[in-house]
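Thank you all for coming; I would like to take you through one structure this morning, going slowly for anyone who is new to it.

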Amino acid sequence: MFTRIGITSIMVLDQDEALDFYCGTLGFEVTDDVDMGFMRWLTVHLPAQPDTHLLLEVPGPPQHSEEVAAQVRDLVTKGALGAAAILNTDDCRKTYETLRGKGVEFTQEPVEQPYGVDCALRDPFGNHIRITQPAEGPVEITDEDVERFQCGS
């Protein structure tokens, strides 16, 4: 039926600022940047994954009424939309240090998890992004892991 996910959307409040962050800081590349008159179609991709795109979308017409767009902007700013993306890396700690050197502020430093090593940041608009170095082999969750996850630490 389906063969892959081609495009996923991330709500941003300013597309030029989003380009600077996603391309200039995180290393994405522009796929499409098209002025459609009623909206700007702006997609980016990772160099290693050119067939999977992020649509950097501003809340508003044609998808949202002005009332709904205002509500979505508020939710984005609060970080209430959940994870915008989980980006994989071969070395989470090195990626963390590289991005910190570029001025990225993290909400969580690299942490050993049952599924690998990961850390977290928010983009300039409030979207959550996790960076994960996946574990090799089968993942085993212990009772201590469950308790830690439930306590949010």
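I will talk about the pockets and then about the aromatic residues.

Please keep in mind that this is a predicted model, in which local features need pLDDT of at least 70 and side-chain atom pairs count only at pLDDT 80 or more, while totals for chains, interfaces and linings use all residues. Residues are numbered from 1 along each chain as its sequence is written, and side-chain values use heavy atoms, with hydrogens and water left out.

A pocket here is, on a 1 Å grid over the protein atoms alone, an open set of points where a 1.4 Å probe fits, with protein on both sides within 12 Å along at least five of seven lines, and lining residues have an atom within 4 Å of a point. The largest pocket holds about 320 Å³ of space, and of its 14 lining residues Q49, T52, L54, I86 and L87 are the closest to its centre. The second largest pocket has a volume of about 220 Å³, and its 13 lining residues include L26, L87, N88, T95 and L99, which lie nearest its centre.

Turning to the aromatic residues, rings of Phe, Tyr and Trp (its six-membered ring) pair if their centres lie within 6.5 Å, with planes under 30 degrees apart counted as stacked, over 60 as edge-to-face and the rest as tilted. The whole structure has 3 such pairs, one of them the edge-to-face pair of F21 and Y22, at 5.2 Å centre to centre and 90° between the planes. Together with F28, F21 and Y22 form one aromatic cluster.

Key
Grid points are joined across faces, edges and corners, and a volume is the space filled by probe spheres set on the points.
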